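Keep the sequence and the 3D view at hand while reading.

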Amino acid sequence: MSPVDLRHLAPPGPMEIILDAAEQLQDQQTLAWILPHHPTPLLPLLTAQGIDYRFELSGDGGVILFISKA
């Protein structure tokens, strides 16, 4: 699974894409995106949908967000 790079999109584009994907997320499925920074406003919205998330550093100044169903 290669993360999709969303760093070129202006806000709120990345957040809308991730929330739409979270609504369609299947059990055992993990999705990932590269973001320019830690998406603090997004995290409580993912939690409210029962989505687990974790981060890794992308190595070039961004973060990789991984989501899966809780």
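The report below covers the model, its core, a hairpin, the charged pairs and the rings.

## Basis of the model

This is a predicted model: local features need pLDDT of at least 70, side-chain atom pairs count only at pLDDT 80 or more, and totals for chains, interfaces and linings use all residues. Residues are numbered from 1 along each chain as its sequence is written, and side-chain values use heavy atoms, with hydrogens and water left out.

Helices (H or I, at least four residues) and strands (E, at least two) are DSSP runs, numbered from the N terminus.

Helix H1 spans residues 13-23. Its buried residues are Gly13, Pro14, Ile18, Leu19, Ala21 and Ala22. Buried means under 20% relative accessible area, exposed means over 50%, and partly exposed lies in between (1.4 Å probe, protein chains only). An α-helix has 3.6 residues a turn, so residues three or four places apart point the same way. The buried residues of H1 pack against strand S2 (30-35), helix H2 (43-48), strand S3 (51-57) and strand S4 (63-69).

The largest nonpolar core has 15 residues. Such a core is a set of buried Ala, Val, Leu, Ile, Met, Phe, Trp, Tyr and Cys residues joined through side-chain atoms within 4.5 Å. Ile18, Trp33, Leu35, Leu46, Leu65 and Ile67 touch the most other members. H1, S2, H2 and S4 each give two or more residues to this core. H1 gives the most, with 4 residues. What does leucine 46 contact, leaving aside its neighbours within four places in sequence? The list is Ile18, Leu19, Ala22, Ile51, Tyr53, Leu65 and Ile67. Contact here means heavy atoms within 4.5 Å.

S3 and S4 run antiparallel, joined by 7 bridges. Two strands pair if DSSP finds at least two bridges between them. Isoleucine 51 stands opposite lysine 69 in S4. The two strands form a hairpin with 5 residues between them. In the turn, glycine 59 has a positive phi of about 90°.

## Salt bridges

The structure holds 3 salt bridges. Each is a side-chain nitrogen of Lys or Arg within 4 Å of a carboxyl oxygen of Asp or Glu. Side chains of opposite charge can pair when their charged atoms come close.

Arginine 7 bridges to aspartate 5, with the closest N and O atoms 2.8 Å apart. Arginine 7 is partly exposed at 28% relative accessible area. Aspartate 5 is partly exposed too, at 32%. Arginine 7 also meets aspartate 60 in a salt bridge (2.9 Å, N to O). This pair links distant parts of the chain, 53 residues apart. Arginine 7 lies in the loop between strand S1 (4-5) and H1, and aspartate 60 in the loop between S3 and S4.

Glutamate 56 forms a salt bridge with arginine 54, the closest N and O atoms being 2.9 Å apart. Glutamate 56 is partly exposed at 37%, and arginine 54 is partly exposed at 43%. Through shared partners, salt bridges join Asp5, Arg7 and Asp60 into one network.

## Rings

The count comes to 1 aromatic pair. Rings of Phe, Tyr and Trp (its six-membered ring) pair if their centres lie within 6.5 Å; planes under 30 degrees apart count as stacked, over 60 as edge-to-face and the rest as tilted. Tyrosine 53 and phenylalanine 55 form the pair, edge-to-face, at 6.0 Å centre to centre with 65° between the planes. Tyrosine 53 is partly exposed at 33%, and phenylalanine 55 is partly exposed at 26%.

Arginine 54 lies over the face of phenylalanine 66, at 4.0 Å from the ring centre. A charge sits over a ring if NZ of Lys or CZ of Arg is within 6 Å of the ring centre and within 35 degrees of the ring normal.
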